[in-house]
Amino acid sequence: SKFCPPEFGGALDITKSLVTWPYEVSKPIRIFYMLTLGHHLERLFHELLHNRKANSFYTMTFHHVVTIMLIFLSFYCRHLMFGIPVLLTHDFNDIFLASSRFLRESRFTNTASVLFLIMMASWGYTRLYVYYRHIVWGVFWAAFNLTEFTRRYLFMQVFFIPGLLGLFILNILWFFQINRVFVWRFVKKDGMLPMEDL
């Protein structure tokens with residue numbers, strides 16, 4: 001797909017994508033967006049109803065609110081060349097994140113440790129490297145190379161740049177936390193993790 005980064009087997013090129021923007025949204029992409037939006041709405045409600053006393057409450061609430069707004073804006077403004085790569089870079093990594101969390105509470109602690117290491121490597125690759133290479137660079141390129149359509153609807157783009165950059169900053173902060181857990185678990189060999197959410 002032209003919306004998928006080359007690292008995932010696609011042909012995404014922000015400079016070419018913006019020339020033909022806005023796009024028609026196909027039915028599979030609509031379903032993908034609806035499922036993703038539903039997932040993040042559920043996570044936000046779960047956070048608000050069950051995790052108010054957690055140390056990560058404000059960070060996670062901010063993350064879910066920003067993500068929901070970005071998904072909605074991406075779909076509404078047809079920013080598929082940003083929306084789909086952002087979702088893919090996060091969804092791919094979430095497989096290993098959820099698996100390692102799930103198995104951490106089981107007797108398969110070695111498998112959980114392997115999945116944690118894969119999650120850590122995939123986090124650095126997808127949420128930092130791929131995200132920076134295509135999203136952060138693409139957003140700045142788009143800001144300095146406005147198309148006629150972008151100029152006409154500039155007021156709708158105002159939230160997009162700070163939202164995407166905010167998400168990138170959160171991923172950097174969480175990567176430092178993941179590294180802290182790595183040191184705690186594999187260097188200090190302490191079973192008690194310093195962060196409740198990792």
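Reader: Which helix is Asp91 found in?

Author: Asp91 is found in helix H4. Helices here are DSSP runs of H or I with at least four residues, strands are runs of E with at least two, and both are numbered from the N terminus.

Reader: What sort of model is this, and where does residue numbering start?

Author: It is a predicted model, in which local features need pLDDT of at least 70 and side-chain atom pairs count only at pLDDT 80 or more, while totals for chains, interfaces and linings use all residues. Residues are numbered from 1 along each chain as its sequence is written, and side-chain values use heavy atoms, with hydrogens and water left out.

Reader: Back to Asp91: how does its relative accessibility class it?

Author: Asp91 counts as partly exposed, at 29% relative accessibility. The classes are buried for under 20% relative accessible area, exposed for over 50%, and partly exposed in between, with a 1.4 Å probe and protein chains only.

Reader: How far is Asp91 from Arg127 in space?

Author: Their C-alpha atoms are 9.7 Å apart, and in sequence Asp91 and Arg127 are 36 residues apart.

Reader: Helix pairs next. At what angle do H4 and H7 pack?

Author: About 25°, with their axes 13 Å apart. Axes are lines fitted to C-alpha atoms, for helices over the stretch in contact, and angles run from 0 to 180 degrees between N-to-C directions. That angle makes H4 roughly parallel to H7. The cut-offs are under 35 degrees for roughly parallel, over 145 for roughly antiparallel, 65 to 115 for roughly perpendicular, and oblique for the rest.

Reader: What handedness does the crossing of H4 and H7 have, and which residues make the contact?

Author: The crossing of H4 and H7 is left-handed, a term for a near helix turned anticlockwise from the far one by less than a right angle (clockwise would be right-handed). H4 contributes Phe82, Val86, His90 and Arg104 to the contact, and H7 contributes Phe160, Leu164, Leu167, Asn171 and Arg185. By class, the contact of H4 with H7 has five nonpolar, two polar and two charged residues.

Reader: Which heavy-atom distance does contact mean, and which residues count as charged?

Author: Contact means heavy atoms within 4.5 Å. Asp, Glu, Lys and Arg count as charged; Ala, Val, Leu, Ile, Met, Phe, Trp, Tyr, Cys and Pro as nonpolar; the others, Gly among them, as polar.

Reader: At what angle do the axes of H3 and H7 cross?

Author: Roughly 140°, and the axes of H3 (residues 57–76) and H7 (residues 160–187) come within 10 Å. H3 and H7 are therefore oblique to each other. H3 passes H7 in a left-handed crossing. Residues on the H3 side of that contact include Thr59, Phe62, Val66 and Leu70, and those of H7 include Gly163, Leu167 and Trp174. By class, the contact of H3 with H7 has 10 nonpolar, five polar and no charged residues.

Reader: And H5 with H7, how far apart are their axes?

Author: The axes of H5 (residues 109–144) and H7 are 10 Å apart, at an angle of about 160°. H5 and H7 are therefore roughly antiparallel to each other. Their crossing is left-handed. The residues of the contact of H5 with H7 divide into 25 nonpolar, four polar and one charged.

Reader: What do the buried residues of H3 pack against?

Author: They pack against H2, H4 and H7. Among the buried residues of H3 are Phe57, Thr61, His64, Ile68 and Ile71.

Reader: What span should H3 have?

Author: At 1.5 Å a residue, the 20 residues of H3 should span 28 Å, and the end C-alpha atoms are 28 Å apart, which agrees. The expected span is 1.5 Å times one less than the number of residues.

Reader: What follows H3?

Author: Arg78 follows H3, in the loop between H3 and H4. Arg78 has a positive phi of about 60° although it is not a glycine. At 21% relative accessibility, Arg78 counts as partly exposed.

Reader: Switching to H2: is His40 buried or exposed?

Author: His40, which is found in helix H2, is buried, with a relative accessible area of 10%. Leaving aside neighbours within four places in sequence, His40 is in contact with His64, Thr67, Ile68 and Ile71.

Reader: What about Phe45, what is its relative accessible area?

Author: Phe45 is also in H2 (residues 27–50), and its relative accessible area is 48%, so Phe45 is partly exposed. The C-alpha atoms of Phe45 and Thr61 are separated by 9.2 Å, with the two residues 16 apart along the chain.
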